[in-house]
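Let's take a walk through this model together. Keep the sequence and the 3D view side by side as you read.

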Amino acid sequence: MNFQYAIALTGGIGSGKSTAASLLKLYGYAIIDADTIAHKALEQSTEEVIEIFSDIILTEGKIDRKKLANIVFKNKALRNKLENLLHPRIKEYILEQSHLLDGKNIPYFIDIPLFFETKHYDIEETLLIFVEQSTQIERIKKRNALSDEAILERINAQIPLHQKKKLAKYVINNNGDLKNLQKEIEKYLQNYLPNIKF
Ligand code: ADP
């Protein structure tokens with residue numbers, strides 16, 4: 001059985017998934033990071049990506065993720081094409097790592113930003129990191145040099161967080177400060193996680 005001890009860690013862009021993942025790591029949990037794996041898959045697919053997008057997405061001979069992102073967030077058909085190319089490779093890596101972790105018989109997390117959108121992973125348990133949109137925009141602005149328009153393009157390419165809230169097994173509200181996020185993670189680990197039937 002795939003993903004026996006897996007918990008999908010998900011949310012929206014800038015909702016705090018990576019921050020939550022770092023905290024979970026501090027508490028000793030293994031994390032599989034789908035974004036890191038996606039970057040690796042992208043590097044290994046350079047030739048095919050150029051075939052789709054031409055060399056305008058290159059900077060000094062390498063795929064420039066910012067250029068690529070600017071194109072795909074404006075064009076759903078191209079976004080789907082890229083996703084169809086990369087997804088099988090990403091899933092293969094994720095499965096490889098999750099098999100190793102399942103062998104340890106302890107829960108682990110897979111940080112999958114688009115878990116609910118893509119429905120590629122048959123994982124029961126989901127931990128959603130939620131924020132209100134105003135906080136989300138504010139935090140993305142601080143983290144990335146993106147215009148308001150580009151931020152909204154990225155947010156609107158995802159299922160709204162209020163909707164994801166209804167789909168998730170457990171929701172952590174990350175509108176507060178980092179101390180609050182840490183407290184919420186501790187609460188989850190102490191009160192909820194031990195009762196999950198894997
Ligand atoms: P994601 O991985 O979901 O895109 P991040 O974990 O990178 O989101 O968080 C987005 C930004 O918001 C980062 O700069 C992060 O440091 C910051 N951040 C996350 N949670 C909080 C919080 N509770 N208080 C203040 N800043 C936060």
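Setting aside neighbours within four places in sequence, D35 is in contact with D111 and P113, where contact means heavy atoms within 4.5 Å. What you are looking at is a predicted model, in which local features need pLDDT of at least 70 and side-chain atom pairs count only at pLDDT 80 or more, while totals for chains, interfaces and linings use all residues. Residues are numbered from 1 along each chain as its sequence is written, and side-chain values use heavy atoms, with hydrogens and water left out.

D35 itself sits in helix α2, residues 34-43; helices (H or I, at least four residues) and strands (E, at least two) are DSSP runs, numbered from the N terminus. D35 is partly exposed because its relative accessible area is 40%; buried means under 20%, exposed over 50%, and partly exposed in between, using a 1.4 Å probe and protein chains only. Its C-alpha atom is 9.9 Å from that of S18, a residue 17 places away along the chain.

S18 brings us to an annotated stretch. The unreviewed UniProt entry places a "binding site" at G14, S15, G16, K17, S18 and T19; the positions follow the numbering used here, feature names are shortened, and annotations may be inferred rather than shown by experiment.

Where does G14 lie? You will find G14 in the loop between β1 (6-11) and α1 (17-26). G14 counts as buried because its relative accessibility is 14%. Beyond its neighbours within four places in sequence, G14 is in contact with V131, R139, I140 and R143.

K17 belongs to helix α1, and K17 counts as buried because its relative accessibility is 8%.

Now turn to helix α5, residues 76-102, which bends by about 40 degrees at L86, with the proline P88 following within four residues. The bend is the angle between axes fitted to the seven residues ending there and the seven starting there. L86 is among the buried residues of α5, and what covers those buried residues includes β1, α2 and β5 (108-111).
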